[in-house]
Structure formats: structure tokens, C-alpha cells
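Please have the structure open while I talk.

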Amino acid sequence: MIEIHDIHKSFGQLEVLGGIDLHIYKGEVVSIVGPSGAGKTTLLQIMGTLDRPDSGSLTVAGTDVLRLGRRQLSRFRGEHLGFVFQFHQLLPEFTALENVMIPGLIAGRAKSAVRERAEELLDFMKLSSRALHKPAQLSGGEKQRVAVARALMNKPDVVLADEPSGSLDSHNKAELHQLFFDLRERFGQTFVIVTHDEELARLTDRTIHLADGRIVACDERTAAPEPSSEAPAPSPEPSAPASAENEAV
């Protein structure tokens, strides 16, 4: 699902990632832990194509994403990756249903199909009765579940979560943690989760420990799934170099 080889990343003279090798398998729930400044979020952003490494290779869902141009990368991100952040990042002027629909509408899908998918996800999250409520009318746990539903809108290959339960109380935190595994069971969803929460880390299939930009340990609780026998999808032809302007994500 995700193959990372010898990834390096520096900001000025500061080396943040120093040669990361990692393979994430389909259907896994993997946590990444480590002290502040270990490089966890930088690694997650590189996996999510939100940042580029200085060197190394990155394949996501069979595509060499480092060969993609800016527009190709934006489209790939929308179709294959979902994101959940510590703070829900819901748009306050839209209802829960509308927030979940947004990625599907941006992708150009038919509104009726997008609405049906959003309603299915909200029902799975036990939020059908809250679908027409705006974020200000939702609890913290409800907002974060809406954010998870939004991340799943386009049926991504991988959901990348950065401290998803960091702003929740213990009850809502436990519900959100269980939700990740319910989604894996229902949809076969793959999750990579950066967290400081030791309880969540212990629940995951594997825990990757980072320190000083390097993997220093890996706790494996279940056997890794067998790699797919299917040949990787061919990478699109590289496009012209991207402009310096950042594209909205």
C-alpha cells in the first residue's frame, strides 16, 4: 500500500528524517510514536504527498508519487488519500452532511451519489440524526467523527491521521479509537496514525517508534498481511516541473 525507501528530509541544517524505510500493508492500522521533534508529522506529511522528501522513494497504491506533477499530485491525493487532523477542520457554515460531501463534490462526482455516500458514512458513525447540524451544534467527539467520515468520502486507499484524538476527553477518545478498527473491519480501511496516546498505540497492529528522525523500534502485534500479488500500477509520465506556487490542498 505504502512503500518508503531511504527517505531523507532536512529543513536548513536540521535533519528531520534520516533514512526511513517502511512498508504499510493494505488493511493495517499502524501507529507512529516518538517524542516531539522526532519527525512523526513530517513523515506523515510526506506519506500524504503534502511535503516532498529531499531524497528517497515513495510509492502509494502502486504509484511512484514523487514523479507526479503538481496537478497530477493534487488529483491523486484527492482520490487515494484521506486525512484526519487533531482539530476537526470542519467548515462552520456547512452542516455535517455538507462537510462530508465536500471531497466528493471537489472530485466532480454526481451530487446524488455523493450525498448517498455521505449519508451512509454518517449512519455508520451513528450521526444520522446530526446530519443537518452545523459544527457549532456538535460535541467534540461528534465533530471528529464527522471529520473521519469526510476523510472516507472518496474511498481512499489510506487514511492518515495526525493526533486524531488529541483534543478529546477520555470517553470520546475511546470511541474514536474503536471507530478506526470498526472501519477496518467494515471497509478494509488502512490507517496510519501519528499519536502520543499510548493506549491507542497499543491497540494498533504495529507501532513504529521514531527518535531523531530514524526508526529505532517496531512493535508488531499481528502478522503483517501478505503483499499483494498484483503488479503495481504504472506511474504516469512525469509532467513539467511544478511552479513555486503551492496548490491548495
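Let me start with H5 and H6, which pack at an angle of about 20°, their axes lying 10 Å apart; helices here (H or I, at least four residues) and strands (E, at least two) are DSSP runs numbered from the N terminus, and axes are lines fitted to C-alpha atoms, for helices over the stretch in contact, with angles running from 0 to 180 degrees between N-to-C directions. That angle makes H5 roughly parallel to H6, since angles under 35 degrees count as roughly parallel, over 145 as roughly antiparallel, 65 to 115 as roughly perpendicular and the rest as oblique. On the H5 side the contact (heavy atoms within 4.5 Å) is made by Gly141, Gln144, Arg145 and Val148, and on the H6 side by Asn172, Glu175, Leu176, Leu179, Phe180 and Leu183.

Before going further, a word on provenance: this is a predicted model, in which local features need pLDDT of at least 70 and side-chain atom pairs count only at pLDDT 80 or more, whereas totals for chains, interfaces and linings use all residues. Residues are numbered from 1 along each chain as its sequence is written, and side-chain values use heavy atoms, with hydrogens and water left out.

Now to the interior. A nonpolar core is a set of buried Ala, Val, Leu, Ile, Met, Phe, Trp, Tyr and Cys residues joined through side-chain atoms within 4.5 Å, where buried means under 20% relative accessible area, exposed over 50%, and partly exposed in between, with a 1.4 Å probe and protein chains only. The largest such core has 34 residues, and among those with the most contacts inside it are Val148, Phe180 and Leu183. Elements giving two or more residues to this core include helix H3 (96-106), helix H4 (111-124) and strand E8 (190-194). A second, separate core of 31 residues includes Leu58, Val60, Leu160 and Ile208.

Two backbone details deserve a look. Thr49, in the loop between helix H1 (40-47) and strand E4 (55-60), has a phi near 65°, a positive value in a residue other than glycine, and Thr49 counts as buried at 6% relative accessibility. Lys155, in the loop between H5 and E7, also has a positive phi, of about 50°, but Lys155 counts as exposed at 59% relative accessibility.

Finally, the protein as a whole comes to 7 helices and 10 strands, and buried residues make up 45% of its 249 residues.
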